[in-house]
Amino acid sequence: MAAKPEVKSWQEMRDWQVGLLERNTGRTLASWTRSVEERAPADEQQLRAWLEGEGVRGYAQQLLVHETFGYPDFLRQSADDLIDAQYADRPGLRPVLDAVLLHAAPLAQVTLQVRKTFVALVGPRRTFARARPTTRTRVDVGLRLPDAAPGGRLLSAKGLGDGMDVRVALSAVDEVDDEFAVLLRRTYAANV
């Protein structure tokens with residue numbers, strides 16, 4: 001199996017978000033920053049509402065929120081530190097995550113975005129899966145697979161974040177099997 005997918009640092013993610021903002025809006029970050037300063041939103045909710053009205057959503061919106069109100073401490077931590085913290089009290093599950101990431105490695109242009117409580121698998125277009133140590137004995141992998149319904153190994157993805165349609169519950173490395181690999185590839189293909 002190939003090495004794990006590339007992990008983006010928060011600085012690389014910021015650069016990517018800047019590019020996304022500029023491609024999607026035709027305006028530079030500096031231009032948006034000036035507009036936000038002129039608008040002087042009182043809080044994040046007010047800023048998000050205005051940006052939504054301006055057609056700025058998703059990662060581009062998050063960038064402007066962070067640029068205005070500051071970056072959370074966890075975004076400035078390394079991916080390794082964040083993952084270590086996620087699995088600190090459940091070390092037996094770390095090999096499960098590693099096995100999931102090894103199955104993602106052969107997929108083209110997959111990067112990892114590590115957050116405080118989960119690892120997002122991002123393809124060329126968008127996040128297609130999200131892995132989270134949900135309990136001390138289980139890693140849930142949410143899949144953005146709109147044509148799938150809960151049944152068999154596929155469970156409801158409630159609580160795994162926007163865009164995740166179903167999830168696979170994994171408690172041991174041997175559950176990250178060929179069937180899981182097929183589901184992951186199918187999910188990736190549905191999102192490129």
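Predicted model: local features only at pLDDT ≥ 70, side-chain atom pairs only at ≥ 80, totals over all residues.
Residues are numbered from 1 along each chain as its sequence is written, and side-chain values use heavy atoms, with hydrogens and water left out.

The pockets come first. A pocket is an open set of points on a 1 Å grid over the protein atoms alone, where a 1.4 Å probe fits and protein lies on both sides within 12 Å along at least five of seven lines; lining residues have an atom within 4 Å of a point. The largest pocket holds about 660 Å³ of space. Its lining has 25 residues, and those nearest the centre are Y59, Q62, R115, F118 and R130. At least two lining residues come from each of α1 (10-25), α4 (58-69) and β4 (127-135). Helices (H or I, at least four residues) and strands (E, at least two) are DSSP runs numbered from the N terminus. By class, this lining divides into 9 nonpolar, 10 polar and 6 charged residues. Here Ala, Val, Leu, Ile, Met, Phe, Trp, Tyr, Cys and Pro count as nonpolar, Asp, Glu, Lys and Arg as charged, and the others, Gly among them, as polar.

The second largest pocket holds about 220 Å³ of space. It is lined by 14 residues, of which W16, V122, G123, P124 and R125 are the closest to its centre. The lining of the second largest pocket has 6 nonpolar, 4 polar and 4 charged residues.

R130, one of the residues nearest the centre of the largest pocket, lies in strand β4. R130 is buried yet has no salt bridge, and the nearest side chain of opposite charge, D162, is 6.9 Å away. Buried means under 20% relative accessible area, exposed over 50% and partly exposed in between (1.4 Å probe, protein chains only). A salt bridge is a side-chain nitrogen of Lys or Arg within 4 Å of a carboxyl oxygen of Asp or Glu. A polar atom of the R130 side chain does lie 2.8 Å from the backbone oxygen of L160.

Elsewhere, the structure holds 12 salt bridges. One of them joins the side chains of E44 and R48 (2.8 Å, N to O). These two residues are separated by about one helical turn because they are 4 residues apart in helix α3 (residues 44-53). E44 is partly exposed at 37% relative accessible area, and R48 is also partly exposed, at 23%.

Another salt bridge joins R94 and D84 (3.0 Å, N to O). This pair links distant parts of the chain: R94 is in helix α6 (residues 94-104) and D84 in helix α5 (residues 79-86), 10 residues apart. D84 is partly exposed, with a relative accessible area of 41%. R94 also forms a salt bridge with D98, the closest N and O atoms being 3.4 Å apart.

Definitions and conventions
Points joined across faces, edges and corners; volume = space filled by probe spheres on them. Lys, Arg positive; Asp, Glu negative; His and termini not counted. Polar contact = N/O pair within 3.5 Å; in protein donor to acceptor, adjacent residues only side chain to side chain.
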